[in-house]
Amino acid sequence: MTTETASSDTGADAGRRLQCLEVWGGNRFVSTAVTLPGLDAWVYSMPADGEASVGGGDVHYASSCATGALSRLLIADVSGHGADASETARRLRKIMQRHVNYHTQTRFVRALNAEFAGMARAGRFATAVAFSYDAPINRLLVCNAGHPPPLHWHASRRDWSLLEEPDAAALERTRDNVPLGIEDEVAYEQFEAPIEVGDLVLCYTDALIEARRRDGSMLDAAGVLEVIRKLDVSHPMKLIPSLLTALADEGCSIDDDLTLLLFRPNGTRPKVPLRDYLLVPLRFLRSLVRSV
């Protein structure tokens, strides 16, 4: 069964489990857990300065493919707030629906770029990072469009690091991974990030690294790493609240939309029934019709 949810969550809840071809998310306040095939995730999004009722410029989405094996996560920081940002969030949702079944996400991110290129005259652009997780083979693909690098907790060595492309070719490709809507023709290459069961990945919008300390200095990525390395990761569902509390205790002020998305592989390997495989074309066609 194909399901949809409105992109306008207005409060915290006990969590939700995504069904096949479901696209969930939006740009309004939310604090919740999300269960996807092979992944546990937690999302916190807070629009700045009273924008909770109409939505801010941060956008988050999660989706599951027709066979229930591939999960996709997106976090984007869109220029602007209010009604314009909400309309942008709606349009991004449609693009995510159209690409929910593609294993490679570069086509999806390029489609996002084409959408923003059409809005460039109005000064609309965005940074974004997209993840595709293939649960049966524990493979994580990452595509970054000018977004701050996520943080990666390595359970085996019990330490945090920046999640960036490990090979030297990344130096060349960073020239292409610019924010969405800046250039019409951009490759937006993806890379595979080695990940193990029990690892954590935390992605965020730039309000986190632009938080100001009491002395007025910017927290930046190094400061975030310093703070998060002091936190207990044994209960991931508590990590985002603990991070927000730690920032407040250190006197950090945040004056922009803030979104945090945390996820971990949970070790489950969903077995896809033959019937679901046979129904994939029909489900995908139905989803495509909904997205037009």
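User: Which residues of H2 are buried?

Analyst: Happy to start there. In this predicted model, Thr106, Phe108, Val109, Leu112, Asn113, Glu115 and Phe116 are the buried residues of H2.

User: Why is Glu115 called buried?

Analyst: Buried means under 20% relative accessible area. Glu115 has 18%, so it counts as buried.

User: What does the side chain of Glu115 make a polar contact with?

Analyst: Its partner is the side chain of Arg91, at 2.4 Å. A polar contact needs a pair of N or O atoms within 3.5 Å, and the 2.4 Å of this pair meets that limit. Leaving aside residues up to four places away in sequence, Glu115 touches Arg91 and Ile95.

User: What makes the buried residues of H5 line one face of the helix?

Analyst: The residues in question are Leu239, Ile240, Leu243, Ala246 and Leu247, within helix H5 at 239–249. Looking down the axis of H5, they fall within an arc of 125°, so they line one face.

User: What do the buried residues of H5 pack against?

Analyst: They pack against strands S4 (39–46), S10 (159–162), S12 (200–204) and S13 (258–265), and also against helix H4 (220–228). Just after H5 comes Gly251, with a positive phi of about 75°.

User: In what order do the seven strands form the open sheet, and why is one side of S1 and of S10 left without a neighbour?

Analyst: The order is S1-S3-S4-S13-S12-S9-S10, with mixed pairing. S1 (16–17) and S10 stand at the edges with a single partner strand each, so one side of each has no neighbour in the sheet.

User: How do you know that S12 and S13 pair?

Analyst: Two strands pair if there are at least two bridges between them. S12 and S13 have four, in the antiparallel sense. Within this pairing, Leu262 in S13 is the bridge partner of Leu202.

User: Which strands does H5 touch as it packs on the sheet, and what angle does its direction make with that of S13?

Analyst: H5 touches S4, S10, S12 and S13, and its direction makes about 140° with that of S13.

User: How many bridges join S9 to S10, and how many does S9 form with S12?

Analyst: Four bridges join S9 to S10, and these strands run antiparallel. His154 stands opposite Asp159 in S10. S9 also pairs with S12 in the antiparallel sense, over three bridges, with Trp153 opposite Leu200 in S12. Both counts meet the requirement of at least two bridges.

User: What makes both faces of S9 covered?

Analyst: Leu151 and Trp153 are buried on one side, and His152 and His154 are buried on the other. As a general point, side chains in a regular strand alternate between the two faces of the sheet.

User: Which residue takes a positive phi in the hairpin of S9 and S10?

Analyst: That is Arg158, with phi near 55°, in a hairpin that has four residues between the strands.

User: Why is Asn138 called buried, while Asp220 counts as partly exposed?

Analyst: Asn138 has a relative accessible area of 16%, so it is below the 20% limit and counts as buried. Asp220 is at 35%, so it belongs between the 20% and 50% limits, as partly exposed. Asn138 is found in the loop between S7 (126–134) and S8 (139–145), and its phi is near 50°, a positive value in a residue other than glycine. Asp220 is found in helix H4, with a positive phi of about 55° although it is not a glycine.

User: And for the chain as a whole, how many helices and strands are there, and what percentage of residues is buried?

Analyst: There are six helices and 13 strands. Of the 292 residues, 53% are buried.

How values were computed
Residues numbered from 1 in each chain as written. Predicted model: local features only at pLDDT ≥ 70, side-chain atom pairs only at ≥ 80, totals over all residues. Heavy atoms only, no water. Buried < 20%, exposed > 50% of the residue type's maximum accessible area, 1.4 Å probe, protein only. Arc of directions from axis to C-beta. Contact = heavy atoms within 4.5 Å. Axes fitted to C-alpha atoms, helices over the stretch in contact; angles between N-to-C directions. Polar contact = N/O pair within 3.5 Å; in protein donor to acceptor, adjacent residues only side chain to side chain.
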